[in-house]
Amino acid sequence: MTATTRAKTNYLVTVLGGLFSLLAGMLITLRNLFRRPVTEQYPKSKPALSKNFRSAIALVRFEETQTHDCVACMQCVQICPSFCIAIEGDKPEGLKRKRATEFHVDYALCSVCGLCIDVCPTNTLKYSRVYDQVAYRRDAFVYDLLTEFRDAEVAYLEKARQEAAAKEAAKQAAAAARANKDTAPAAANASKELEND
Amino acid sequence: MPTRAKAGAVSERQHSKLGDAPLPETYHLNMGPQHPSMHGVLRLVLHLDGERILDVDPVIGYAHRAHEKMAEHRNYLMFLPNTSRVDYLSGMIYNLAYCQAVEKMLEIEVPERAEYIRVICSELNRISSHLLWFGTFLLDIGGITPFLYAFDDREQILEILDRVTGSRLTYCYGRFGGLTEDVDTTFLDQTRAFVKRLRERLPEYHALVTGNVIFRGRCEGVGVIDQHVALAYGVTGPCLRAAGIAFDVRRAEPYGIYDRFEFDIPTEQSGDALARYKVRVAEIEQSLRIIEQAVAQIPDGPIMPDKPKKRFKPAAGELYFAVESARGQFGIYIVSDGSEIPFRIKLRTPSFSNLAAMPAVLPQTTIADTIAIVGSIDVVIPEIDR
Amino acid sequence: MFNQLFGNIWLVTLASGAVIMGFLTVNALFLVWLERKLSARFQRRLGPTEVGFAGTLQTLADAVKLLGKQLITPRNADKPLYHLAPVIVFMPVVVGVSLFPIDRQLMFVDLNVGLVLVFAFAGIGFIGIFMAGWGSNNKYALLGAMRAVAQNIAYEIPLILSALSVTLLARSMKLSAIVEAQSTLPYLLFQPLGAAIYLIGAVAETNRAPFDIPEAESELVAGFHSEYSGMRFAVFFLAEYSNMAIVSMVATTLFLGGYHGPWLPGYVWFFIKVYGLISLMMWFRWTFPRLRFDQLMSFAWTVLVPLSLANLMGTAVVLKVFRR
């Protein structure tokens with residue numbers, strides 16, 4: 001083979017190879033033309049949220065108390081890298097621990113790192129499953145987490161107050177009984193039973 | 001018209017800013033920060049003669065969020081969500097890298113199972129990053145369809161990772177000593193299925209793109225970063241390996257449990273855009289190999305230490321820790337003054353060095369080549385600006 | 001046909017103009033929908049689905065939206081050129097469409113230099129594109145316009161040379177005569193190389209991928225029409241899709257035998273062929289990456305021009321030797 005014919009064959013190979021590569025590409029797109037589209041028609045078909053989906057935090061509702069268990073320890077406020085949690089709490093009448101009276105999360109700032117959930121000592125924080133929040137104003141993303149617990153919280157505190165009051169009454173009764181120990185030993189026994197409860 | 005005179009004066013000033021007297025028949029073109037293919041907010045000030053580039057000046061800083069400064073005002077844990085936002089395309093790798101750096105500093109032992117999960121998730125993240133790069137690179141040189149095919153595959157990864165980490169892009173999955181969530185058998189099955197699926201799809205990509213004569217014409221011999229330039233500018237990652245230097249942090253300074261897996265370091269000799277393309281596609285295959293091995297070997301056990309520490313207070317000192325991100329060597333330099341708050345965290349991000357080589361590569365190419373070259377080095381601007 | 005109906009040349013002109021404008025608008029609306037739908041399916045998406053059946057009215061809705069958009073004129077634009085450009089781009093298209101034999105008895109004007117006129121008017125559009133690029137006072141637009149002109153000059157030569165081979169075969173430049181000459185066999189069979197060159201040239205002439213460098217989105221934002229908004233932008237769009245129809249009509253007339261075909265009526269065949277070719281061009285666009293400008297030019301000057309010249313010479317020699 002002379003040099004020129006070799007060059008010609010190379011040229012031909014290049015041109016035909018190029019043409020073939022174009023046809024191969026077109027074959028791929030043609031094949032995909034007849035495949036099923038993979039589009040998820042979002043507002044019509046809602047996506048299934050994943051198992052561990054992370055969104056704004058929410059408070060856990062516990063079975064036995066029917067309310068949250070935020071004790072306003074402020075650990076989540078301190079660890080939050082986005083400084084988006086604001087909690088206020090006080091010690092309600094009849095409870096030994098503090099309770100949250102205000103719990104605001106600014107989801108617009110939140111970076112869903114989950115550090116607050118990690119540090120929570122009472123495990124009362126969880127991820128909510130909100131995924132389609134839109135608003136015209138930033139402050140619409142400031143969530144008041146206690147809203148859904150208002151009634152339950154009132155009931156819980158009332159119950160706690162009553163229990164504490166009952167306990168207090170029993171205590172006073174016992175104290176009174178102790179004072180009258182000599183005269184009425186039977187009453188002292190009764191108050192002992194109450195304390196053991 | 002007065003306005004025209006004013007416009008002329010502006011260009012005069014720009015000429016004199018470059019030092020020399022205004023060159024006739026040349027002009028400046030401001031490409032970016034808002035431009036369809038500047039990958040976010042990169043700005044290139046091009047000095048052009050017709051379509052030929054005489055000089056280029058990359059301007060960065062439009063996505064500066066002061067991540068490093070933020071680190072100096074919060075404790076070690078609180079810097080976690082920042083890491084995945086430095087490079088949002090390989091957030092998992094960055095997040096876990098930071099965890100590993102702090103663990104090294106505090107000498108925390110990581111459970112076996114967590115190490116394996118970290119490898120699987122990192123490699124999945126690397127593949128998703130490379131797939132996105134594949135799509136956007138093709139988009140840069142005008143091929144729109146491959147972009148959507150790549151995103152279809154990438155979606156599978158995002159779903160797998162979403163299921164375990166709860167996020168699709170900016171993961172905050174790592175914790176010092178382990179991870180937030182354990183994986184289940186479904187995750188492993190999904191990962192296996194994905195490896196199989198992508199292996200079947202890659203030949204399709206090759207037929208559609210790699211072999212395409214137009215694609216090869218656009219990439220072959222374009223934007224050659226040779227070994228000399230690469231080393232001089234500190235180019236790492238696929239760009240360095242495309243220049244023929246088989247440097248990969250996973251092999252050079254193995255971290256985590258990467259020394260347990262078999263994988264090759266794909267290299268090319270020519271250093272052009274096509275070589276970078278080939279290296280990345282080959283890396284996808286290697287990542288699939290690593291995932292396959294990790295999924296097969298993953299042991300049972302805890303994912304956090306038995307007694308995780310609550311407070312992280314490294315002794316005064318400093319530490320440099322590097323991993324191989326999808327774009328190259330990502331290094332974390334931590335200086336501790338013994339308190340709970342880092343004294344300084346410096347992030348060595350690969351795209352910064354890779355982009356820095358551009359003024360050495362771009363002159364004498366055309367506008368179209370500029371797009372192809374900047375696309376081929378795979379810059380992530382927020383990662384450069386930090 | 002219209003002559004018999006009206007008899008008055010002005011009425012005929014007006015009526016034809018209205019029909020052509022109507023056709024061009026519907027054509028563009030349909031083609032945009034087709035392009036979006038086809039590209040979606042190539043990419044495994046759904047495309048427009050909401051407005052009308054299968055999204056068919058989506059482009060109409062978009063057109064209405066564009067009507068309502070503000071018309072922005074850049075501050076330092078060369079206003080006469082800037083405002084005139086969309087008109088100059090669009091008007092030749094109207095003339096172009098009127099020249100084609102859609103059926104045996106259905107064509108607006110039947111000139112004996114029809115083919116020349118088609119190419120002549122196709123060339124005018126690029127003046128408009130250059131006016132748009134220059135008048136916008138935008139470097140990207142100017143770059144796009146310069147690319148467009150250079151590309152047009154380069155690709156018109158092989159385009160016309162391959163068309164010339166056909167006129168040698170048909171011995172006429174009258175479009176109806178060329179179609180009639182293909183009543184038995186289309187010229188595609190005699191001129192495969194010419195047809196291939198024409199197809200490549202046609203894709204380049206209409207600035208479509210892989211030759212869409214004048215408006216290369218990833219390089220020049222939107223090229224020559226970067227600064228146009230609202231209806232002015234829509235007119236460029238209309239012209240682009242109308243141009244696609246015209247080059248496909250030329251190809252149908254020259255190589256595919258126009259309205260000839262079995263069973264179906266002539267105009268059906270004509271439109272099947274035209275829209276088939278357009279779909280092919282769309283298929284190209286959604287498969288290939290874009291060429292670089294210098295590659296495009298060297299491809300035109302070193303491959304297409306010599307090939308089309310050789311094709312023309314070969315055709316002439318063969319005809320001289322074998323035809324009585």
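Predicted model: local features only at pLDDT ≥ 70, side-chain atom pairs only at ≥ 80, totals over all residues.
Which residue stands opposite B:Ser325 in β7(B)?

Residues are numbered from 1 along each chain as its sequence is written, chains are lettered from A and ligands numbered from 1 in the order in which they are written, and side-chain values use heavy atoms, with hydrogens and water left out.

Let me begin with chain B. An open sheet of three strands is found there, in the order β6-β7-β8, with antiparallel pairing. Strands here are DSSP runs of E with at least two residues, helices are runs of H or I with at least four, and both are numbered from the N terminus; two strands pair if DSSP finds at least two bridges between them. β6 (317–325) and β8 (344–348) of chain B each have a single partner strand, so one side of each is left without a neighbour in the sheet. From one strand to the next, the twist averages 15°. β6(B) and β7 (residues 328–336) of chain B are joined in the antiparallel sense over nine bridges. Here is the reply to my opening question: B:Ser325 stands opposite B:Gly328.

Helix α4 (residues 91–106) of chain B packs on this sheet and touches β6, β7 and β8 of chain B, contact meaning heavy atoms within 4.5 Å. The direction of this helix makes about 150° with that of β6(B). For such angles, axes are lines fitted to C-alpha atoms, for helices over the stretch in contact, and the values run from 0 to 180 degrees between N-to-C directions.

Also in chain B, helix α15 (residues 367–376) is mostly covered, with ten of its ten residues buried. Buried means under 20% relative accessible area, exposed over 50%, and partly exposed in between, with a 1.4 Å probe and protein chains only. Among the buried residues of α15(B) are B:Ile367, B:Asp369 and B:Val374. Just after α15(B), B:Asp378 takes a positive phi of about 60°.

I turn now to chain A. Five helices and five strands make up its elements, which run α-β-α-β-β-α-β-β-α-α from the N terminus on. Of the 197 residues in chain A, 33% are buried. Chain A also has an open antiparallel sheet of three strands, in the order β2-β3-β5. Its edge strands are β2 (85–90) and β5 (142–144), each pairing on one side only. Strand β3 (residues 99–106) of chain A pairs with β5(A) in the antiparallel sense over three bridges, and A:Asp106 stands opposite A:Val142 in β5(A). Helix α4 (residues 150–179) of chain A lies across β3 and β5 of chain A, running at about 160° to β3(A).

Finally, chain C. Which residues there deserve a look for their phi? C:Ala54, in the loop between α2 (9–42) and α3 (58–68) of chain C, has a positive phi near 55° and is not a glycine. At 28% relative accessibility, C:Ala54 counts as partly exposed. C:Arg171, in the loop between α6 (139–170) and α7 (175–181) of chain C, has a positive phi of about 55° although it is not a glycine. C:Arg171 is exposed, with a relative accessible area of 59%.
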